[in-house]
Amino acid sequence: MGWIKEIVHELQKKYKTNDPFELAESMNVHVVMWDLHEDINGFYKYDRRNKYIFLNSNLSSVMQRFVCCHELGHAVLHPRSNTPFLRKNTLFSIDKIEVEANTFAVEMLIPDEVLEGKSIYDLAKLHGVPSEVAHLKK
């Protein structure tokens with residue numbers, strides 16, 4: 001999915017950050033912290049030309065960052081789609097749009113510059129990426 005890597009690099013170059021909260025703000029995507037059910041990490045919603053990311057306020061800050069980035073992936077890659085809830089088991093999903101959003105998040109959060117000589121799983125842990133999706137880094 002090299003096209004996702006290209007999109008990520010263009011966004012990083014344009015906005016000079018890989019922080020998903022800063023990117024969302026710059027891209028006019030509203031991030032809403034909400035007390036969601038413990039099985040729900042977050043979701044993306046498109047409504048009347050407005051984009052919203054809902055994050056479970058009970059998640060750790062590291063997981064909120066990953067989930068925000070995943071949902072930002074939906075906002076960028078699938079802008080007019082309302083996506084299902086990102087549940088804890090969604091990290092293992094084979095659904096095309098979920099894999100694409102996970103790939104977006106992994107590419108955004110693990111910079112290419114740090115890849116040399118290190119395990120992708122060590123890098124994932126270091127950059128707050130769940131080990132279940134670390135293999136998506138190309």
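Lys 5 counts as buried at 18% relative accessibility (buried means under 20% relative accessible area, exposed over 50%, partly exposed in between, with a 1.4 Å probe and protein chains only). The side chain of Lys 5 meets that of Glu 107 in a salt bridge, 3.0 Å from N to O (a side-chain nitrogen of Lys or Arg within 4 Å of a carboxyl oxygen of Asp or Glu). Lys 5 lies in helix α1 (residues 2-15) and Glu 107 in helix α4 (residues 96-109), so the pair ties together parts that are 102 residues apart in sequence. The model is predicted: local features need pLDDT of at least 70, side-chain atom pairs count only at pLDDT 80 or more, and totals for chains, interfaces and linings use all residues. Residues are numbered from 1 along each chain as its sequence is written, and side-chain values use heavy atoms, with hydrogens and water left out.

**Overall fold**

- The chain contains 5 helices and 4 strands; helices (H or I, at least four residues) and strands (E, at least two) are DSSP runs, numbered from the N terminus.
- Read from the N terminus, the order of elements is α-α-β-β-β-α-β-α-α.
- The C-alpha trace spans about 45 × 30 × 25 Å along its principal axes.
- A compact globule of 138 residues would have a radius of gyration near 14 Å, and the chain agrees with its 14 Å; the radius is taken over C-alpha atoms, and the globule rule is 2.2 Å times the number of residues to the power 0.38.
- Among contacts with a separation of 6 or more, 57% are between residues 24 or more positions apart (contact means heavy atoms within 4.5 Å).

**Surface and charge**

- Of the 138 residues, 45% count as buried.
- The chain exposes about 7600 Å², of which carbon and sulfur atoms supply 52%; accessible areas come from the Shrake-Rupley method with a 1.4 Å probe, and for residues only the protein chains shown count as cover.
- There are 17 positive and 19 negative side chains, and the centres of the two sets lie 5 Å apart.
- In that count Lys and Arg are positive and Asp and Glu negative, while His and the chain ends are not counted; the place of a charge is taken as NZ of Lys, CZ of Arg, CG of Asp or CD of Glu.

**Salt bridges**

- The structure holds 6 salt bridges.
- Glu 107, the partner of Lys 5, is buried, with a relative accessible area of 4%.
- Glu 107 also forms a salt bridge with Lys 137, where the closest N and O atoms are 2.7 Å apart.
- This second pair links distant parts of the chain, with Lys 137 in the segment after α5 (120-126) and Glu 107 in helix α4, 30 residues apart.
- Both Lys 137 and Glu 107 are buried.
- A network of salt bridges links Lys 5, Glu 107, Asp 112 and Lys 137.
- Within helix α1, Glu 10 and Lys 13 are 3 residues apart, a separation of about one helical turn.
- The side chains of Glu 10 and Lys 13 meet in a salt bridge of 4.0 Å, N to O.
- Glu 10 is partly exposed at 48% relative accessibility, whereas Lys 13 is exposed at 59%.

**Positive phi in loops**

- Asn 28 is not a glycine, yet its phi is positive at about 60°.
- Asn 28 sits in the loop between α2 (20-26) and β1 (29-34) and is exposed, with a relative accessible area of 53%.
- Arg 48, also a residue other than glycine, has a positive phi near 50°.
- The loop between β2 (40-47) and β3 (50-56) holds Arg 48, which counts as exposed at 71% relative accessibility.

**Other individual residues**

- Asn 56 belongs to strand β3 and is buried, with a relative accessible area of 2%.
- Leaving out residues up to four places away in sequence, Asn 56 touches Trp 34, Leu 36, His 37, Glu 38, Ile 40, Asn 41 and Gln 64.
- Glu 113 is found in the loop between α4 and α5, where it is exposed, with a relative accessible area of 67%.
- The C-alpha atoms of Glu 113 and Leu 59 are separated by 28 Å, and the two residues are 54 apart along the chain.
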